[in-house]
Amino acid sequence: MVELSHPDNLETVSRELMRNLNTRAITTVLFNRGKTSRAELARQTGLTQATISNITAKLVESRLVEEVGEGQSTGGRKPTLININNNYGYVVGVKIEKNFVLTSLFDLRVNLIDRRETRFDGVPSSEDVVELIEDEVLKYDSNYNVIGIGIGVSGLISDSGEIFYSPILNWKSQKLGEPLEDDLAIPVLIDNDVNAFTLAEGWFGAGKDFRDFLCVTVGEGVGAGIVINGSLYRGSLGGAGEIGHTTLDPDGPRCRCGESGCLEALASDYFLVNEMEKEGFSECQVGTLIEEAQQGDKLAREIFSRMGHNLGLGIKNLVNTLNPEAVLLGGERLDAAEFFIPSLKEEVLNHSFPQEARKLEIVAAQLGKKAWLMGAAILPVRDFFSLPLHKRREGKAEDNTSLKGLVK
Ligand SMILES: [Zn+2]
């Protein structure tokens, strides 16, 4: 702790802090813009040329930044361009599912290098998952410098990465991060999988141009990520965005959570299957319903339209609460988007407050399935570029502001 009555100490600390902030401003601009000259870096960050030269020299020496050729001359000598060295370090992204685990390797700019799927007989225990991740990281680390791990898992996750409760895995109070950090000595970041998905869309997909947006995923469940002023909103226990368990109809069908009439029970895959059973379909599977709808079956299309209407109602409530610029729609069931988006849009746009609805954009997520793993990988990348850069291997950074948030 800093002794406030000790001015010499304080000065050292504030100099170091300033240097770290400046370093971060520079790496953030490089991350977002790619190749940039030192003069342009000075313009973008507001720092002096001397500070830029000084800090970039250190970054080049550390190999985190590299010189990548020359830019256009503006009269004098052609400027040298610098950029983040994507191969400085690598991160492992993990998504834990009911009976399989996806592991992947990404470079520092979140380009996918490798992806693997490991199946389990039944639901894996947290010890199984820790063992698998350790094996994968050690394999990768023989060829790549792995600097962090990111894990996406469905459920309630605390800020410190403890999994309070995951209904899909039936896990309660599981700490994956601690054993992994103890054994591997690299930071491990864990978040709700829909939050990770939302981060990926926000950094590289359909959310890039918005500061306030919702990302709603629909498939086996219904979830949402909430981005407010460029930052993901997690809520006090990481449970923000559990839109699937907001009540749409107290007399409605039973939800997996034990309550009645949740949005999820009225708009997820099991809603579709239940509706098929009610309507007397002989084979009640979502895939069949999509095929029937594609072939023009009126009843199949009607079921999707009901789902869109219900999902629209749930989204409308969130839109009227948060007034976002956009709603991104993602998740597995986007493969049937053409059949449920019209009724969804009608519900949201025609029944929200007119002044909000006029500007609201409803768009499809852009990254597809890979957003789940990209989002998991972004967690340690974001952490890596947080302060202080030189303390990376010593533990987690406390400042989790997104890279994007710093420059905009
Ligand atoms: Zn529920």
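**Exercise 1. Decide whether S173 is buried or exposed in this predicted model.**

Step 1. Count the neighbours: S173 has 10 C-beta neighbours inside 10 Å.
Step 2. Check the backbone: phi of S173 is near 45°, a positive value in a residue other than glycine. Most residues other than glycine have a negative phi.

**Exercise 2. Find where N229 lies and state whether it is buried or exposed.**

Step 1. N229 sits in the loop between β13 (222-228) and β14 (231-233).
Step 2. Inside 10 Å there are 9 C-beta neighbours, so N229 counts as exposed.
Step 3. Phi of N229 is near 50°, again a positive value in a residue other than glycine.

**Exercise 3. Classify L156 by its C-beta neighbours and list its contacts.**

Step 1. L156 is part of strand β8.
Step 2. There are 18 other C-beta atoms within 10 Å of L156.
Step 3. Leaving aside neighbours within four places in sequence, the contacts of L156 are F164, Y165, L237, G238 and G239.
Step 4. Compare with V188, which is 32 residues from L156 along the chain: the two C-alpha atoms are separated by 17 Å.

**Exercise 4. Describe how domain 2 touches domain 3.**

Step 1. Take the bounds from the domain assignment: domain 1 is 7-84, domain 2 is 90-198 + 370-407, and domain 3 is 207-364.
Step 2. The C-alpha centres of domain 2 and domain 3 are 27 Å apart.
Step 3. Domain 2 gives 16 residues to the contact and domain 3 gives 17 residues.
Step 4. On the domain 2 side, β8 (156-157), α6 (193-204) and α14 (403-407) each supply at least two residues. The largest share of that side, four residues, comes from α6.
Step 5. By type, the domain 2 side that touches domain 3 has seven nonpolar, seven polar and two charged residues.

**Exercise 5. Work out which strands stand at the edges of the three-stranded open sheet, and what packs on it.**

Step 1. The strand order is β1-β3-β2, with antiparallel pairing.
Step 2. β1 (36-37) and β2 (65-70) each have a single partner strand, so they stand at the edges, and one side of each is left without a neighbour in the sheet.
Step 3. Four bridges join β2 to β3 (residues 80-84). E66 stands opposite N83 in β3.
Step 4. Helix α3 (residues 49-62) packs on the sheet and touches β2 and β3. The direction of α3 makes about 105° with that of β2.

**Exercise 6. Identify the residues with the most contacts inside the largest nonpolar core, then follow I149.**

Step 1. The largest nonpolar core has 100 residues.
Step 2. Those with the most contacts inside it are V91, I149, I151, V216, V327, A377 and I378.
Step 3. Helix α13 (residues 370-384) supplies the largest share of this core, 10 residues.
Step 4. Apart from neighbours within four places in sequence, I149 is in contact with V91, V92, V94, I133, V137, L180, I186, V188 and P380.
Step 5. For background, nonpolar side chains tend to be buried together in soluble globular proteins.

How values were computed:
Residues numbered from 1 in each chain as written. Predicted model: local features only at pLDDT ≥ 70, side-chain atom pairs only at ≥ 80, totals over all residues. Core = buried A, V, L, I, M, F, W, Y, C linked by C-beta atoms within 7 Å. Buried ≥ 20, exposed ≤ 12 C-beta atoms within 10 Å, placed from the backbone. Contact = placed C-beta atoms within 7 Å. Domains from an automatic or database assignment. Nonpolar A, V, L, I, M, F, W, Y, C, P; charged D, E, K, R; others polar. Pairing = 2+ DSSP bridges. Axes fitted to C-alpha atoms, helices over the stretch in contact; angles between N-to-C directions.
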